[in-house]
Amino acid sequence: MDGSASAIGATANRAPARQRLHDVDAVRGFALLGIFVVNITFMASGYPGNLVPDPAFSSLFDDLARDVSAVFVDMKFYVLFSFLFGYSFTLQMASAERAGAAFGPRMLRRIAGLFILGALHTVFLYGGDILMTYAVVCLALLGMRRVRDRTALRVAGLLYGIVLLSLLTSGLLVDSSAFLPTQAEALANGEQATAAMLGGWGDVIGHNLSGLPLLVLQSATFQGPTALAMFLLGMVAGRRRLLAGVRGHEPVLRRIQWIGFPVGIAGGVVYTLGGGNGETLAVAVSAATAPLLTAAYVATLLRMMHSPRLAFVRPALAPAGRIALTNYLGQSLLGLLIFSGVGLGLAGSVSPMGTTGLALLIFAVQLAVSAWWLRRQRYGPAEWALRWVTNGERPGMARTGTPGGY
């Protein structure tokens, strides 16, 4: 860790506890927005899940909306969300220590609760769930919680290197056309998936469950190892409290911006022009460069939040990030009600630009509702239920005094 990074953590003890949590929560809220911008495209149509654009939306503006998302959003916020999961893992450890509770059994209960929530989410709301993957991978994180920082960083680098190497090897040596559907087959599959989304509960559940084999395969080969690598990085950052003493003027933040933006955007352009998720080599380029763009986003956000003119960003984002689990599930519920046949039945009817605009609108509402809710309650509904499972006792919901954090 260089001198600038040390400077970030050195003042941690002097930073107010509430500000420390609000910085982390605000970054998590920002990640929540990026996750939703990606997820809503899969909620709105069956074509993206089959790696083809909806032929009903092929105008210049539609292609531009897809390309902008591919360059600046796709694959960027998953790594951030995973990093923050690892960071919050250290906060869970500190919470257990303060309560005098054994951390292992407590965390195992939390993992079980998270897995159950993920399973219900997958079946009834959205087939692209990440909670089950996080729960399984967190078992490995739990087992590694006592490793030294250097070991954690080495394992994280090794895991990410293996992921990149496997993507490069597959892209260079494996003919994907031998096992992937043809363009015509993918379009037909996309049409069938959209029709299923427009059906009743049975069709929607069947559509969600039909994606489970691919979900498991992605989790085992890409999302799982990537998540564990980011969990470990987040755990090390949490131990060193790198987000605790940020003041916004640290030179390391500017260096991250100067490196992350050009390299990350260039990688996003190559990923987009190279075929996006449909081409393994393009995915490899994105996987290699997306963390740099993500880091640049975070550095920019931290500088904004600690700027006198833009300090309002932190209290705007933090409430949504503090109840991120509730908001994540709420986004899927709203997607179901808007796009599926269970609700308004708009699947296949909203353009790529329209889905992005809708995601921004829904997130703006979530910001307001989250702030309103937390003025009255200590936890979001999902956080309250998960905390009950974790601690083995029913927590108080109404806000009294300073609200509990983690």
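This is a predicted model: local features need pLDDT of at least 70, side-chain atom pairs count only at pLDDT 80 or more; totals for chains, interfaces and linings use all residues.
Start by showing the rings of Phe, Tyr and Trp. The structure holds 13 aromatic pairs. As you look at each one, remember that a pair of aromatic rings is described by the distance of the centres and the angle of the planes.

**First stop: Tyr78 and Tyr134.** Select these two residues and zoom in on their rings. They make a tilted aromatic pair, with 6.3 Å from centre to centre and 40° between the planes. Now colour the helices: Tyr78 belongs to helix α4 (residues 76-99) and Tyr134 to helix α6 (residues 131-143), so this pair ties together parts 56 residues apart in sequence.

**Next stop: Phe231.** Which helix holds Phe231? Phe231 sits in helix α10 (residues 212-239) while Tyr134 is in helix α6, so the pair links parts that are 97 residues apart in sequence. Phe231 is buried too, with a relative accessible area of 0%.

**Last stop: a group of four.** Clear the selection and pick Phe30, Phe77, Phe261 and Tyr297. Together, these residues form one aromatic cluster.

Key
Residues are numbered from 1 along each chain as its sequence is written. Side-chain values use heavy atoms; hydrogens and water are left out. Rings of Phe, Tyr and Trp (its six-membered ring) pair if their centres lie within 6.5 Å; planes under 30 degrees apart count as stacked, over 60 as edge-to-face and the rest as tilted. Helices (H or I, at least four residues) and strands (E, at least two) are DSSP runs, numbered from the N terminus. Buried means under 20% relative accessible area, exposed over 50%, partly exposed in between (1.4 Å probe, protein chains only).
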